[in-house]
Amino acid sequence: MKKSALTWGMLPAVVLMASCISEEENVDVVFEQDLQKIEEYIQTVETEYMRRETVGDTGIELLFTEVVEEGELPDGRDTLSVDYTGMLLDGTVFDSSLEQVAQDNDVFNPDRTYEPYEIILGVSNVINGWHWSLSRMKEGEKAIALIPSAYAYGSQANGPIPANSVLVFELDLVEVRPYQP
């Protein structure tokens, strides 16, 4: 009986030692898994795209569905108007600035105004993945942004979005208004 009690008493210590993966190592593992999920998504996506762009070393992938040849990329502190639909990798829509899309996917909120969402690039309180993605788009361009969880909500769940979720955003950069100091 004493041996059994000793064994059970040591179990928490053994479990604790086995789970001694640093936070940084865990984040790296999740990031690599996210990159794999993004690549698998791209291989199976049915949407035709004209150009694919990887945003630096963020792991964010942009699949441009409409490209504008003329024009410039937005600068920090420019005001951007964006129509968007946010989804999980399985296609579950969790938010949209488009009323019909919200209604069709049971995320409609009658107390909300459905119009392009405005952000100030590099300043507004949106996920970092939006700032990175939109900084690579010109006014009039549309893209599917595949955002690793590290640039979304990370290890925190947010409403219908589970922790460590890669997010998919259909982005339409409707307007860019240059920063006016």
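How many bridges pair strand 2 and strand 6, and in which sense? Select both strands: they pair in the antiparallel sense over five bridges. Strands here are DSSP runs of E with at least two residues, helices are runs of H or I with at least four, and both are numbered from the N terminus. Two strands count as paired if DSSP finds at least two bridges between them.

**Before going on**

This is a predicted model, in which local features need pLDDT of at least 70 and side-chain atom pairs count only at pLDDT 80 or more, while totals for chains, interfaces and linings use all residues. Residues are numbered from 1 along each chain as its sequence is written, and side-chain values use heavy atoms, with hydrogens and water left out.

Five of the six residues of strand 6 are buried, so the strand is largely enclosed by the rest of the structure. Buried means under 20% relative accessible area, exposed over 50%, and partly exposed in between, with a 1.4 Å probe and protein chains only.

**The cores**

Select W130, L134, F169 and L171, the residues with the most contacts inside the largest nonpolar core, which has 26 residues. Strand 2 (60–66), strand 3 (79–88), helix 4 (128–134), strand 6 and strand 7 each give two or more residues to this core. Strand 7 gives the most, with five residues. Apart from this core lies another, of eleven residues, among them I38, V45, L63 and I144. A nonpolar core is a set of buried Ala, Val, Leu, Ile, Met, Phe, Trp, Tyr and Cys residues joined through side-chain atoms within 4.5 Å.

**S165**

Move to the loop between strand 6 (142–147) and strand 7 (167–177), where S165 is found. S165 counts as buried because its relative accessibility is 12%. Its side chain reaches the backbone oxygen of P162 at 2.7 Å. Leaving aside neighbours within four places in sequence, S165 is in contact (heavy atoms within 4.5 Å) with L88, I147, S149, A152 and G154.

**Confidence**

Finally, colour the chain by pLDDT, the predictor's confidence in each residue, from 0 to 100. The chain averages 90, and 87% of the residues score at least 70. Over residues 1–8, pLDDT stays under 50. Residues 13–18 also stay under 50. Where pLDDT is low, the predicted coordinates should not be read in detail.

Terms used: A polar contact is a pair of N or O atoms within 3.5 Å; within protein, one must be able to donate a hydrogen and the other to accept it, and residues adjacent in sequence count only if both atoms are side-chain atoms.
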